[in-house]
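The sequence and the structure are shown first.

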Amino acid sequence: MKESDGHQAASESPGDDLPPVESSTTSSPEQESPPEPLSRYERIHRLLRRDFLVGGVSPRYFITRWIFLRFLGIIHVIAFLSIWVQLSGLIGSRGIAPANLFLELVQSRTGIDRYWKLPTLCWLNSSDWFLHAICGFGLFFAVVLILGYAPPLCLAMLYVLYLSLVSVAPDFL
């Protein structure tokens with residue numbers, strides 16, 4: 001029952017046009033069966049494929065997200081490979097600007113806040129093998145990102161690893 005100006009009449013409630021909801025007070029065990037347990041592989045696969053940090057992805061943006069993450073992984077592969085090839089000559093122990101000397105200089109000029117001002121994993125170790133390990137792990141996480149496993153974890157690790165290299169080699173990256 002509508003009034004002439006388009007508003008609902010006082011006797012009509014807003015949900016009157018909805019179909020009635022059927023409810024059953026008893027549920028039989030035959031209707032609902034418990035889900036089958038997952039194998040160990042399926043549980044690990046679901047955990048790695050789940051977007052546990054970014055929530056669900058709307059089906060509308062799934063393809064765009066898929067393409068974006070793959071290209072981001074390819075960009076990181078190129079970035080880590082290019083610095084890995086040049087690493088020894090640029091910031092290695094006998095390179096143009098050795099990372100260990102740079103970190104010693106920063107340590108002598110700053111106090112404990114050096115970790116905040118220059119965030120890098122190289123504070124733990126700045127040897128050549130550690131710098132190569134950073135590049136190797138960066139390449140690994142970039143490939144895992146391209147494959148589509150655990151994107152939030154991969155992106156976080158790629159950020160930390162690349163930031164570590166940029167912090168010790170700002171002139172080259």
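In helix H5 (residues 128–147), the residues Phe130, Leu131, Ile134, Cys135, Gly138, Leu139, Phe141, Ala142, Val144 and Leu145 are buried, where buried means under 20% relative accessible area, exposed over 50%, and partly exposed in between (1.4 Å probe, protein chains only). These buried residues of H5 pack against H2, helix H3 (99–109) and H6. An α-helix has 3.6 residues a turn, so residues three or four places apart point the same way. The end C-alpha atoms of H5 are 29 Å apart, which agrees with the 28 Å that its 20 residues should span at 1.5 Å a residue; the expected span is 1.5 Å times one less than the number of residues.

The model is a predicted one, in which local features need pLDDT of at least 70, side-chain atom pairs count only at pLDDT 80 or more, and totals for chains, interfaces and linings use all residues. Residues are numbered from 1 along each chain as its sequence is written, and side-chain values use heavy atoms, with hydrogens and water left out.

**Overall composition**

The protein chain has six helices and zero strands, in the order α-α-α-α-α-α along the sequence. Helices (H or I, at least four residues) and strands (E, at least two) are DSSP runs, numbered from the N terminus. Of the chain's 173 residues, 27% count as buried. Among contacts with a separation of 6 or more, 58% link residues 24 or more positions apart; contact means heavy atoms within 4.5 Å.

Two packed helices are described by the angle between their axes and the distance between the axes. Here the axes are lines fitted to C-alpha atoms, for helices over the stretch in contact, and angles run from 0 to 180 degrees between N-to-C directions.

| Helix pair | Angle between axes | Axis distance |
|---|---|---|
| H2 and H5 | roughly 160° | within 8 Å |
| H2 and H6 | about 30° | 12 Å |
| H5 and H6 | about 150° | 9 Å |

Angles under 35 degrees count as roughly parallel, over 145 as roughly antiparallel, 65 to 115 as roughly perpendicular and the rest as oblique. H2 and H6, with an angle of about 30°, are therefore roughly parallel. H2 and H5 are roughly antiparallel to each other, and H5 and H6 are likewise roughly antiparallel.

The crossing of H2 and H5 is left-handed, a term that applies if the near helix is turned anticlockwise from the far one by less than a right angle (right-handed if clockwise). The contact of H2 with H5 has 18 nonpolar, six polar and one charged residues. In this classification Ala, Val, Leu, Ile, Met, Phe, Trp, Tyr, Cys and Pro count as nonpolar, Asp, Glu, Lys and Arg as charged, and the others, Gly among them, as polar.

H2 also passes H6 in a left-handed crossing. On the H2 side, the contact is made by Arg65, Leu69, Leu72, His76, Ala79, Phe80 and Ile83; on the H6 side, by Pro151, Leu155, Leu158, Leu161, Tyr162 and Leu165. By class, the contact of H2 with H6 has 11 nonpolar, one polar and one charged residues.

The crossing of H5 and H6 is left-handed. Leu131, Ile134, Cys135, Phe137, Gly138, Phe141, Ala142, Val144 and Leu145 of H5 meet Pro151, Cys154, Leu155, Met157, Leu158, Leu161, Ser164 and Leu165 of H6. The contact of H5 with H6 has 15 nonpolar, two polar and no charged residues.

Helix H6 (residues 151–168) has 18 residues and reaches 26 Å from its first C-alpha to its last, close to the 26 Å expected. Its buried residues are Pro151, Pro152, Cys154, Leu158, Leu161, Ser164, Leu165, Ser167 and Val168.

H5 is followed by Gly148, which has a positive phi near 90°. Ala150 is in the loop between H5 and H6 and has a positive phi of about 50° although it is not a glycine. Most residues other than glycine have a negative phi. Ala150 counts as buried, at 4% relative accessibility.

**Two individual residues**

Arg70 lies in helix H2 and is buried, with a relative accessible area of 13%. Not counting residues up to four places away in sequence, Arg70 touches Leu145, Ile146, Leu147 and Gly148.

Ala99, in helix H3, counts as buried at 0% relative accessibility. Leaving aside neighbours within four places in sequence, Ala99 is in contact with Ile91, Gly92, Leu131 and Val168. The C-alpha atoms of Ala99 and Ser126 are separated by 6.4 Å, although these residues are 27 residues apart along the chain.
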